[in-house]
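Hello,

Here is the structure I promised to pass on. My notes follow below.

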Amino acid sequence: MCQYQPWGPNTEEESKSFVKQIILDASKEKRTRYAFAVVYNKDMIGVGELNIRDFTNKVGEIAYIVNPDYWGQGIATNVAKLLIRFGFADIQLHRIYATCDPRNIGSSKVLQKSGLTKEGKIREDLLIKDGWRDSLLYSILEYEWL
Ligand SMILES: CC(C)(COP(=O)(O)OP(=O)(O)OC[C@H]1O[C@@H](n2cnc3c(N)ncnc32)[C@H](O)[C@@H]1OP(=O)(O)O)[C@@H](O)C(=O)NCCC(=O)NCCS
């Protein structure tokens, strides 16, 4: 799950502090972080997040993670679509973007299936466990979503 991420695998303690931080961030006055539990048949199987990166220019970033037992059923694509709808319809963003490791074929497909356009490759912007990582950059604008 965290092969292409700078974090993890997390201990139970690290997972608990991740959740605590989400709850803390949700109560901040100028809220930037909206994290949602992904629930399937009453089990929590993942997380979807929308983070406001720029209030002035109305820019947000989405991210998602799904328990491997549930991969390949369209769940992350549904999560991405719901996050996009939330970002445009509920918090009036203009632009939503997402990045992923070029090796992360599943995530690239999720972003394409959710209507995002590939803008290009950011070079070595993230240090992960096996070294510097490039990121593919995808985005969608409000009027494209409409
Ligand atoms: C990326 C991730 C969220 C996808 O979740 P998911 O619920 O399986 O996604 P979906 O089922 O909506 O779509 C995945 C698509 O990628 C395809 N896919 C997945 N892995 C693939 C691979 N290694 N090679 C080719 N295609 C792949 C699936 O077949 C599916 O395409 P399809 O609908 O055309 O069949 C999940 O793998 C994950 O949680 N990974 C770890 C966290 C992560 O990388 N998050 C994204 C950060 S950028």
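The chain exposes about 9300 Å², and carbon and sulfur atoms supply 52% of that area. Areas come from the Shrake-Rupley method with a 1.4 Å probe; for residues, only the protein chains shown count as cover.

This is a predicted model: local features need pLDDT of at least 70, side-chain atom pairs count only at pLDDT 80 or more, and totals for chains, interfaces and linings use all residues. Residues are numbered from 1 along each chain as its sequence is written, and side-chain values use heavy atoms, with hydrogens and water left out.

Charge: there are 20 positive side chains (Lys and Arg) and 19 negative ones (Asp and Glu), with His and the chain ends not counted. The centres of the two sets lie 3 Å apart, placing each charge at NZ of Lys, CZ of Arg, CG of Asp or CD of Glu.

Fold: the chain has 4 helices and 6 strands. Their order from the N terminus is α-β-β-β-α-β-α-β-β-α. These are DSSP runs, numbered from the N terminus: helices are H or I, at least four residues, and strands are E, at least two. The C-alpha atoms fill a box of roughly 40 × 35 × 30 Å along the principal axes.

V47 has a relative accessible area of 13%, so it is buried (under 20%; exposed is over 50%, partly exposed in between). Beyond its neighbours within four places in sequence, V47 contacts F18, F36, V38, A63, Y64 and I65 (heavy atoms within 4.5 Å).

Best wishes

How values were computed: Buried < 20%, exposed > 50% of the residue type's maximum accessible area, 1.4 Å probe, protein only.
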